[in-house]
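Dear colleague,

I am passing on the structure we spoke about, together with some notes on what came out of it. Please look through it before you read on.

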Amino acid sequence: MRWLDRALLRQFRVFRAASLNSWRRTSSSASERALQYKIGEKIHGFTIEQVTSVPELLLTAVKLSHDNTGAKYLHLAREDSENLFSVQFRTTPMDSTGVPHILEHTVLCGSEKYPCRDPFFKMMNRSLATFMNALTAADYTLYPFSTQNSKDFQNLLSVYLDAVFFPRLQELDFWQEGWRLEHENPTDAHSPLVFKGIVFNEMKGAFTSSESVFTQKLQNKLLPDHTYAVVSGGDPTYIPDLTWEQLKQFHATHYHPSNARCFALWGLWCAKEDVFSV
């Protein structure tokens, strides 16, 4: 099914190269142009499902569905200096090993098109982005970014989509981002073994706050038979139960376009081009 993932990525990119209809050339408002689209209209592999004007926010919302994969895409056309994109997945944890959280970290450690170490952090020094992040919630994971520069938008879009759909997921990255056993003194093989790892240490820090512990435990106890009964970010007691193979299987199950929801806000620079320029 990987060809479907690649097809989705190509069709996101082809928006920008789309030829303009006459009314799109003459309209001065991205919101007005978006209102011209009709329910059922086909656009580069997507079908428009809903077009809604939101005058309170000075925008037009267009909901689309990808024909081949079922991916959902919400496009907001608005005169704004910011250009934002986010891809998110439903990532329902069944235990407290923190698999969605560790996967969020690991997919950003290099992909097929960008096999360099940590392309996400490299872009932070090279990009004009006004926001870059990745977040794991109780039952979903999202990867948002924003920028005011059109070329920068294209670069970040390519990095983000390749990261989530085609990550390398190398074992050493799992040991670094998730958990590992390491000598307390790396230069002394006789020193005690201790648990380390970026997510492992992050969650240890999170649970040092009494407020965080109370909030987490309250949610867990209120819904004991639900996925909210577990810790999506990972409980340090259970994080070492997670294996590299389980991480890869979680990605194969959840990180597919059919489970993806994409959201975008286009600003002023795209008002001169196609309303769906990506």
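Thr-60 sits in strand β3 (residues 59–66), strands being DSSP runs of E with at least two residues, numbered from the N terminus. Because its relative accessibility is 0%, Thr-60 counts as buried (under 20% relative accessible area with a 1.4 Å probe and protein chains only, whereas exposed means over 50%). The side chain of Thr-60 makes a polar contact of 2.7 Å with the side chain of Ser-31 (a pair of N or O atoms within 3.5 Å, one able to donate a hydrogen and the other to accept it; residues adjacent in sequence count only if both atoms are side-chain atoms).

This is a predicted model, in which local features need pLDDT of at least 70 and side-chain atom pairs pLDDT 80 or more, while totals for chains, interfaces and linings use all residues. Residues are numbered from 1 along each chain as its sequence is written, and side-chain values use heavy atoms, without hydrogens or water.

Beyond its neighbours within four places in sequence, Phe-89 is in contact (heavy atoms within 4.5 Å) with residues including Tyr-143, Val-164 and Phe-165.

By contrast, Phe-214, in helix α9 (residues 210–222), counts as exposed because its relative accessibility is 57%.

Best wishes

Key
Helix = DSSP H or I, 4+ residues; strand = E, 2+ residues; numbered from the N terminus.
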